[in-house]
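Work through the exercises below with the sequence and coordinates open. Each task is followed by a stepwise solution.

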Amino acid sequence: MAAAVIRRPSIEPFTPLRKKPLPAGRPREWYITHNRRLKAMRLAIALLDAGVYVPSKATDATIRTTAHLIGIHPPSDTTCRLVRAFIRDKR
């Protein structure tokens, strides 16, 4: 018989993890892609938290407005497509 585990929400405020430096010696394109994925993931999480669960509701304007609200630079069209792909994959 499995026992249910009840978790209490933490009283402490959220503290982000310490950033590690990126590995050296990779091609420039790798760093661009890596940073684009990180930005798209942050935007996808913010949109999901805001209730946008369907990629068709995540228009470029919605994504750029969300980026402005969370304080990051406006994403490119490529990053917007990647955000919609993250929402579609549901991983």
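**Exercise 1. Which residues make the nonpolar surface patch of about 290 Å²?**

Step 1. The patch is formed by Leu 48, Tyr 53 and Val 54. Patch members have over 30% relative accessible area and no salt bridge; like charges are joined within 9 Å, and nonpolar side chains (Val, Leu, Ile, Met, Phe, Trp, Tyr) within 5 Å. Areas are computed by the Shrake-Rupley method with a 1.4 Å probe, and for residues only the protein chains shown count as cover.

Step 2. Leu 48 belongs to helix α1 (residues 28-49); helices are DSSP runs (H or I, at least four residues) numbered from the N terminus.

Step 3. Leu 48 is classed as partly exposed because its relative accessibility is 34%. The classes are buried (under 20% relative accessible area), exposed (over 50%) and partly exposed in between, with a 1.4 Å probe and protein chains only.

Two notes on conventions apply throughout. The model is predicted: local features need pLDDT of at least 70, side-chain atom pairs count only at pLDDT 80 or more, and totals for chains, interfaces and linings use all residues. Residues are numbered from 1 along each chain as its sequence is written, and side-chain values use heavy atoms, with hydrogens and water left out.

**Exercise 2. Determine whether Thr 66 is buried or exposed, and list what Thr 66 touches.**

Step 1. Locate Thr 66 in helix α2 (residues 60-70).

Step 2. With a relative accessible area of 11%, Thr 66 is buried.

Step 3. Leaving out residues up to four places away in sequence, Thr 66 touches Leu 43, Ala 46 and Leu 47, where contact means heavy atoms within 4.5 Å.

Step 4. The Thr 66 side chain also reaches the backbone oxygen of Thr 62, at 2.8 Å.

**Exercise 3. How many salt bridges are there, and which parts of the chain does the pair Asp 60 and Arg 84 tie together?**

Step 1. Side chains of opposite charge can pair when their charged atoms come close. The rule requires a side-chain nitrogen of Lys or Arg within 4 Å of a carboxyl oxygen of Asp or Glu, and the count by this rule is two.

Step 2. One is between Asp 60 and Arg 84, at 3.0 Å from N to O. Asp 60 lies in helix α2 and Arg 84 in helix α3 (residues 77-89), so the pair ties together parts 24 residues apart in sequence.

Step 3. Asp 60 is partly exposed at 26% relative accessible area, whereas Arg 84 is buried at 18%.

Step 4. Arg 64 forms a salt bridge with Asp 77, with the closest N and O atoms 2.7 Å apart. This pair links Arg 64 in helix α2 to Asp 77 in helix α3, 13 residues apart.

Notes: Helix = DSSP H or I, 4+ residues; strand = E, 2+ residues; numbered from the N terminus. Polar contact = N/O pair within 3.5 Å; in protein donor to acceptor, adjacent residues only side chain to side chain.
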